[in-house]
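Colleague: I have a structure open and would like to go through it with you. Can we begin with the pocket?
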Amino acid sequence: MNHSAALATGMVVSFGRNRGEHTLGEVVRVTRKNVKVVQLEPRGANKSYEVGSLWLVPKNMVSPAKVPTDRVEAGKKSVAEHHASTKV
């Protein structure tokens, strides 16, 4: 499936392997082969990744998210809080 036409900056997406964990994120940048995504929810079973982490994901591992708006807003709020707490 060609996701390149459907992906745009600011779009909320789900990313991860087909049989693996899927995580909610927001597209920051779209390139020819990859998408930069900011993580909007906690991720990881063995190793935990913080909300706000930046991921470079192949386009074939990204799809538009089908989640409730309140979950998206909560994720964006926690990213903003993470950025505010890490500023020096």
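This is a predicted model: local features need pLDDT of at least 70, side-chain atom pairs count only at pLDDT 80 or more; totals for chains, interfaces and linings use all residues.

Colleague: Which residues lie nearest the centre of the largest pocket?
Modeller: Those are Arg17, Glu21, Arg43, Tyr49 and Trp55, out of 16 residues that line the pocket.

Colleague: And how does the lining split by class?
Modeller: Eight of the lining residues are nonpolar, four are polar and four are charged.

Colleague: Which strand gives the largest share of the lining?
Modeller: Strand β4, residues 54-58, with four residues.

Colleague: Back to Arg43. What joins its side chain to the one of Thr23?
Modeller: A polar contact of 2.4 Å joins the two side chains. Arg43 is also among the residues nearest the centre of the largest pocket.

Colleague: Where is Thr23 found?
Modeller: Thr23 belongs to strand β2, which covers residues 23-30.

Colleague: Is Thr23 buried or exposed?
Modeller: Thr23 counts as buried because its relative accessibility is 1%, and the cut-off for buried is under 20%.

Colleague: What is Thr23 in contact with, leaving aside its neighbours within four places in sequence?
Modeller: Val13, Ser14, Phe15, Gln39, Glu41 and Arg43. Of these, Val13, Ser14 and Phe15 are in strand β1, residues 12-15.

Colleague: Which way do the residues of β1 point?
Modeller: Val12 and Ser14 point one way, while Val13 and Phe15 point the other way. In a regular strand, side chains alternate between the two faces of the sheet. As for burial, all four of these β1 residues are buried.

Colleague: How many bridges join β1 to β2?
Modeller: Four, and the two strands run antiparallel. Within that pairing, Val13 stands opposite Gly25 of β2.

Colleague: What about β1 and β5, how many bridges there?
Modeller: Three, again in the antiparallel sense, with β5 covering residues 62-64. Here Val13 stands opposite Pro64. That gives Val13 an opposite residue in β2 and another in β5.

Colleague: What percentage of the residues are buried?
Modeller: Buried residues make up 30% of the 88 residues in the chain.

Colleague: Last one. Among contacts between residues at least 6 apart in sequence, what share join residues at least 24 apart?
Modeller: The share is 43%.

Key. Residues are numbered from 1 along each chain as its sequence is written. Side-chain values use heavy atoms; hydrogens and water are left out. Buried means under 20% relative accessible area, exposed over 50%, partly exposed in between (1.4 Å probe, protein chains only). A polar contact is a pair of N or O atoms within 3.5 Å; within protein, one must be able to donate a hydrogen and the other to accept it, and residues adjacent in sequence count only if both atoms are side-chain atoms. Contact means heavy atoms within 4.5 Å. On a 1 Å grid over the protein atoms alone, a cavity is a set of points where a 1.4 Å probe fits but cannot get out, and a pocket is an open set with protein on both sides within 12 Å along at least five of seven lines; lining residues have an atom within 4 Å of a point. Ala, Val, Leu, Ile, Met, Phe, Trp, Tyr, Cys and Pro count as nonpolar, Asp, Glu, Lys and Arg as charged, and the others, Gly among them, as polar. Two strands pair if DSSP finds at least two bridges between them.
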